[in-house]
Amino acid sequence: MVCTSFYKYGPIKENSTSKCVDIIGSLEIRLEAYKKTGNTEYLADIANFAMFEFMYPQKEGAGYKPTDSDKSPGIAGISVKELQEWDK
C-alpha cells in the first residue's frame, strides 16, 4: 500500500515534513471510515499513517518515551488475563 501511494502522492517524508498532509487527521478519517464500514483496509491505512507520524512527527514536542504500566493509557475494557486473575 505504501509503495503504491508513493507513486500517487510522492515521498512520505516530503509530504509529512512540508505539513501539506495532516497525518493525524488522515488517520482519524480512516478510523471513522472503518467504524462506518467495517472494511479492514482502513485499519492497514491507519497503521501506515501511525508509522508515518512515528517516523516524521508533526505533533509539536513529539518523541519516544518508554513508559511503565502505571503511565499506560490502558485498554477499553478488561483483558482475559485480568479476568483470569480476578476469578482466583
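These legends walk through several close-up views of one predicted model.

Before we start, a word on the ground rules: residues are numbered from 1 along each chain as its sequence is written, and side-chain values use heavy atoms, with hydrogens and water left out. Because the model is predicted, local features need pLDDT of at least 70 and side-chain atom pairs count only at pLDDT 80 or more, while totals for chains, interfaces and linings use all residues.

**View 1. Helix 3 and helix 4 pack against each other.**
Helices here are DSSP runs of H or I with at least four residues, strands are runs of E with at least two, and both are numbered from the N terminus. Helix 3 covers residues 23-37 and helix 4 covers residues 41-55; they pack at an angle of about 165°, with their axes 9 Å apart. That angle makes helix 3 roughly antiparallel to helix 4. (Axes are lines fitted to C-alpha atoms, for helices over the stretch in contact, and angles run from 0 to 180 degrees between N-to-C directions; under 35 degrees counts as roughly parallel, over 145 as roughly antiparallel, 65 to 115 as roughly perpendicular and the rest as oblique.) The two helices cross in a left-handed way, meaning that the near helix is turned anticlockwise from the far one by less than a right angle, whereas clockwise would be right-handed.

**View 2. Residues from both helices make the contact.**
Contact means heavy atoms within 4.5 Å. On the helix 3 side, look for residues including Ile23, Leu27, Leu31 and Tyr34; on the helix 4 side, Leu43, Ile46, Phe49 and Glu53 are among them. By class, the contact has twelve nonpolar, two polar and three charged residues. (Ala, Val, Leu, Ile, Met, Phe, Trp, Tyr, Cys and Pro count as nonpolar, Asp, Glu, Lys and Arg as charged, and the others, Gly among them, as polar.)

**View 3. Ile46 is a buried residue of helix 4.**
With 15% relative accessibility, Ile46 counts as buried. (Buried means under 20% relative accessible area, exposed over 50%, and partly exposed in between, using a 1.4 Å probe and protein chains only.) Setting aside neighbours within four places in sequence, Ile46 is in contact with Leu27, Arg30 and Leu31. Ile29 is 17 residues from Ile46 in sequence, and their C-alpha atoms are 9.0 Å apart.

**View 4. Asn48 and Met1 touch each other.**
Asn48 sits in helix 4 and is buried, with a relative accessible area of 17%. Beyond its neighbours within four places in sequence, Asn48 is in contact with Met1 and Val2. Met1 lies in the segment before helix 1 and, at 44% relative accessibility, counts as partly exposed. Not counting residues up to four places away in sequence, Met1 touches Glu41, Ala44, Asp45 and Asn48.

**View 5. Helix 1 is hardly covered, and Gly10 follows it.**
Helix 1 spans residues 2-9, and the count of buried residues among its eight residues is zero. Next comes Gly10, whose phi is positive, near 95°. You can find Gly10 in the loop between helix 1 and helix 2 (12-17). Apart from neighbours within four places in sequence, Gly10 is in contact with Ser5 and Asn15.

**View 6. Aromatic rings pair up in this model.**
A search of the whole structure finds three aromatic pairs. (Rings of Phe, Tyr and Trp, with its six-membered ring, pair if their centres lie within 6.5 Å; planes under 30 degrees apart count as stacked, over 60 as edge-to-face and the rest as tilted.) One of them joins Phe6 and Tyr7, an edge-to-face pair with 5.1 Å centre to centre and 90° between the planes. Phe6 is partly exposed at 42% relative accessibility, and Tyr7 is exposed at 71%. Another pair brings together Phe54 and Tyr64: the ring centres are 6.3 Å apart and the planes lie at 85°, so this pair is edge-to-face. Phe54 belongs to helix 4 and Tyr64 to the loop between helix 4 and helix 5 (80-86), so the pair links distant parts of the chain, ten residues apart. Both Phe54 and Tyr64 are exposed.
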